[in-house]
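Please keep the model open while reading.

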Amino acid sequence: MGSMRFSDERQIDMTLGTTAVPLRVAIIGSGPSAFYAAEHYLKSGLAVEIDMFERLPTPYGLVRGGVAPDHPKIKTVTKVYERTASNPNFRFYGNVEFGRDVTLDDLRAHYHQVVFAVGAQTDRRMGVPGEDLLGSHPATEFVGWYNAHPDYRELQFDLSKEKVAVIGNGNVAMDVARILASTYDELVKTDIADYALEALKQSQVKDIYVIGRRGPAQAAYTNPELKELGELHDADVIVSPETAELDQLSREYVLGSGDREAERNTQTLMRYSTQTPAGKTRRIHMLFLLSPTALFGTESVEAIELVKNELYKADDGTLRPRATTEKFTLPVDLVFRSIGYKGVALPGVAFDERGGVIPNVQGRVINPADKSVVAGQYAVGWIKRGPSGIIGTNKPDSQESIDRALEDAKAGTTFTPASPDRTAVEALLRERGVDFVSFAEWQKLDAAELANGAALNRPRVKFSRVDDMLNVVHQQREPVTGD
């Protein structure tokens, strides 16, 4: 475009995306999808200034707060994000919450585009009686707790109980089961939260029931996760031969679909079913074709009622579970619900309550009422497509959204900011008393965590309270000098 209309109606003959008029972009969130979005913008060939806003002082989203502590190789992906953050046209503003510290109207005043990369922040509920009894927890709370996420740091989990049910058949359910079944010696080698390490050292958990509503061939976890259970020092994996045996529909699916993950999973389960338990302290029971119908207990969970399912072929050809009339009760004292994540609405931003996502077409946010495109707003990652895929899945997802954003920038369908200047944003934050954290300050916080870990011969000891993080940042800051 040859000219651009600013809010004071001046006509300036400049092109958006040039050095004179850089494309100003705000990204809300700092997980993988956010960094992949930033990377794609910065490689676009246009002059782009990226400001990334994160509610916590620390970046990286679920890579820091969701990836299991005993999976350190997965976390090395942050090296890629660090390269993006080193670009002089990128700035990180940690400890800044959208809706509290900055609003959508603020972003309209300072940016041409805003990208929402906030993920899916809550668990889906089972919707059964007794779900809110003491001892029944969303898996995200347990994961956040052992990963030192400040939102979950103060939670308590009664690990004096011996029988635990983990509801779900995805990788998060497997992470929860594996952490519960790990020994202190296995966990101390990781960056698990220090308080979680001590609590798990005292754990009395003996039996862990991993319960899936579909069959072994339809499990959503990956084969490496399933194999890891069999590598634990002091836990037997219990799979009955009847459980490992596939029904006719599943056999046809595995043989005919070419789904190698399903094939590998069923082979691993079959191998577990032929092994004699070694009499280890803990036991992981893999159960399938079961759905919770109720939790029982006087004050806290004492048992879970399960209905047996059968598989049927739906009209679209997929195999789905349906309940039979057969039910039974399993005595358990603790339940972790891991049946999926769900997004949360953001102030002033369109939202699909049923899907738990920001409504969009290829990343362009749309008005749910009339499906019209909302100019200047984009979604990436789980808040765009729902909670699916692995970390790498977010790269093509983000690229798709940013390709649409770049098309819109060239067409001139953007916000028309009155103050498209980085200094104006920082002035606004300071005026509101927002104690924002830069990426360089995060790196100093990162170094402090690594040093704390090295002192204990551990890879890292995370700060788990925002105040403690900010104290470290303040100690490292250059003093502001005046006349």
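## Nonpolar cores

The largest nonpolar core holds 44 residues. A nonpolar core is a set of buried Ala, Val, Leu, Ile, Met, Phe, Trp, Tyr and Cys residues joined through side-chain atoms within 4.5 Å. Buried means under 20% relative accessible area, exposed over 50%, partly exposed in between (1.4 Å probe, protein chains only). F142, W145, L180, I208, I284 and M286 have the most contacts inside this core. Helix α7 (residues 171-181) gives the largest share, seven residues. Helices (H or I, at least four residues) and strands (E, at least two) are DSSP runs, numbered from the N terminus. Another core, of 36 residues, lies apart from it; A34, A38, A405 and A409 are among them.

The model is predicted: local features need pLDDT of at least 70, side-chain atom pairs count only at pLDDT 80 or more, and totals for chains, interfaces and linings use all residues. Residues are numbered from 1 along each chain as its sequence is written, and side-chain values use heavy atoms, with hydrogens and water left out.

## V307 in its strand

V307 sits in strand β14 (residues 303-313). V307 is buried, at 4% relative accessible area. L290 is 17 residues away along the chain, yet the two C-alpha atoms are 5.6 Å apart. Beyond residues up to four places away in sequence, V307 touches L289, L290, S291, T293, A323, T324, E326 and K327. Contact means heavy atoms within 4.5 Å.

## Aromatic pairs

The count comes to 19 aromatic pairs. Rings of Phe, Tyr and Trp (its six-membered ring) pair if their centres lie within 6.5 Å; planes under 30 degrees apart count as stacked, over 60 as edge-to-face and the rest as tilted. F35 and Y60 form a tilted pair, 5.7 Å centre to centre with 45 degrees between the planes. F35 is in helix α1 (residues 32-42), and Y60 is in the loop between β4 (48-54) and α2, 25 residues apart. F35 is buried at 1% relative accessibility. Y60 is buried too, at 4%.

F53 and Y93 are stacked, 5.3 Å centre to centre and 20 degrees between the planes. F53 lies in strand β4 and Y93 in strand β5 (residues 90-94), so this pair ties together parts 40 residues apart in sequence. Both F53 and Y93 are buried. Ring pairs also link F35, Y36, Y60, Y81, F90 and W442 into a cluster.
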